[in-house]
Amino acid sequence: MLKSPSENIPIQEIPIQKNVKLFIKREDLVHTQISGNKYWKLFYNINNYLETQPENPLIITFGGAFSNHISAVSATGNLAQVKTLGIIRGEELEKKWTHNPTLVFAKRNGMNLKFVTREEYRHKEKLTEFLQYEFPEALIIPEGGTNKNAVKGVKMMLNNDTKDFDYLCTAVGTGGTLAGISEFCEENQNVIGFKVVDDSSLESKISELTSKRNFHLTDAAFGGYGKINDENVRFINNFKSNFDIPLEPIYTGKMMQKIFEMIDDDYFPEGSKILCFHTGGLQGIEGANMLLEKQNRNLIL
Ligand SMILES: *Cc1c(COP(=O)(O)O)cnc(C)c1O
């Protein structure tokens, strides 16, 4: 079972010399191994499932080689003593997963890994049907963990402390987190989603998960999903040395760089209070640095 933390997650001000105020809510601190928004997206999925007391509980999910979601599900399985199976994109990883820190972590948490081709992975719905047939008792969570229960869990990222902000910002992968913030925030709050994937169907997918039209999407892909950008690495390193807050290069680093650009462009009216959610994902830094090192590029410090 996942618990709600006994104390509120801290909100820190990021001191910038501008006419707006910027804050960050440290959801990355919610749990040492189940990080950020993934904790909340899994919360009801896992707890509701375990409440049904399945005889042979098994959690199955999908993800890429460096997936924060795979990492989080494996750690949850370890914590709850439930078997987990990760369907991983890329059959070539079968031979080299021991060089991938995310997959090593998952395996160490007891997750079984099944590597499938990109083609098979693309047809996840078929795979899901097949797996549910093979494991009728299993809980199958979609890629990135987004579903109705995930959206409901995101409500717990909002509380009295978050009510006072004009803008709520989050990075967007599948859009479940943004949908939850949109659905459960205050009437007068504006929600901005920073798209790190080029996916033109995101807006309509999110609209199916929230009843509100209080959100706005902006592009923050900086070259595409999962692509690490050298300028962004510099930004992340400066951010850490200036504010002592770590960001990662797939979601939060890109969101924050884009927010800084928007502030510089006077996107936000004077006096605005902006809150961005640190959705975690710091486990990905190690894998990112391995890649950068191979390419002789600057590392994330
Ligand atoms: C998964 C993830 C997101 C995106 O969440 P969605 O609900 O899929 O949009 C954002 N930030 C981090 C760190 C993540 O791991």
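Student: What are the ground rules?

Tutor: This is a predicted model, in which local features need pLDDT of at least 70 and side-chain atom pairs count only at pLDDT 80 or more, while totals for chains, interfaces and linings use all residues. Residues are numbered from 1 along each chain as its sequence is written, and side-chain values use heavy atoms, with hydrogens and water left out.

Student: OK, the ligand. How many residues surround the ligand, and which are the closest?

Tutor: The ligand is surrounded by 16 residues, the closest being Lys-38, Lys-41, Thr-174, Thr-177 and Thr-279. A residue is near a molecule here if one of its heavy atoms lies within 4 Å of it.

Student: What do Lys-38 and Lys-41 do there in terms of distances?

Tutor: For Lys-38, a polar side-chain atom lies 2.8 Å from an oxygen atom of the ligand. For Lys-41, a side-chain N or O atom is 2.6 Å from an oxygen atom of the ligand. A polar contact is a pair of N or O atoms within 3.5 Å; within protein, one must be able to donate a hydrogen and the other to accept it, and residues adjacent in sequence count only if both atoms are side-chain atoms. The backbone also takes part: a polar backbone atom of Gly-176 is 3.3 Å from an oxygen atom of the ligand.

Student: Is the ligand buried or exposed?

Tutor: The protein buries 99% of the 380 Å² that the ligand exposes when taken alone. Those areas come from the Shrake-Rupley method with a 1.4 Å probe; for residues, only the protein chains shown count as cover.

Student: Which element gives the most to the shell?

Tutor: Helix 1, with three residues. Helix 1 (37-51), strand 7 (167-172) and helix 7 (176-184) each supply at least two. Helices (H or I, at least four residues) and strands (E, at least two) are DSSP runs, numbered from the N terminus.

Student: And where do the shell residues come from by domain?

Tutor: Domain 1 (11-32 + 155-294) and domain 2 (38-145) each provide at least three residues. The bounds are from an automatic or database domain assignment.

Student: How do strand 1 and strand 2 pair?

Tutor: They are antiparallel over four bridges, strand 2 being residues 21-25. Ile-14 has Leu-22 in strand 2 as its bridge partner.

Student: And the four-stranded sheet, what order and pairing?

Tutor: It is open and parallel, in the order 5-4-3-6. Strand 5 (112-116) and strand 6 (139-141) are the edge strands, each pairing on one side only. Strand 3 (residues 58-63) runs parallel to strand 6 over three bridges, and Ile-59 stands opposite Leu-139 in strand 6.

Student: Last topic, the backbone. What is phi of Phe-222?

Tutor: Near 45°, a positive value in a residue other than glycine. Phe-222 is in the loop between strand 9 and helix 9 (230-243). Asp-244 also has a positive phi, near 60°, and lies in the loop between helix 9 and helix 10 (252-264).

Terms used: Pairing = 2+ DSSP bridges.
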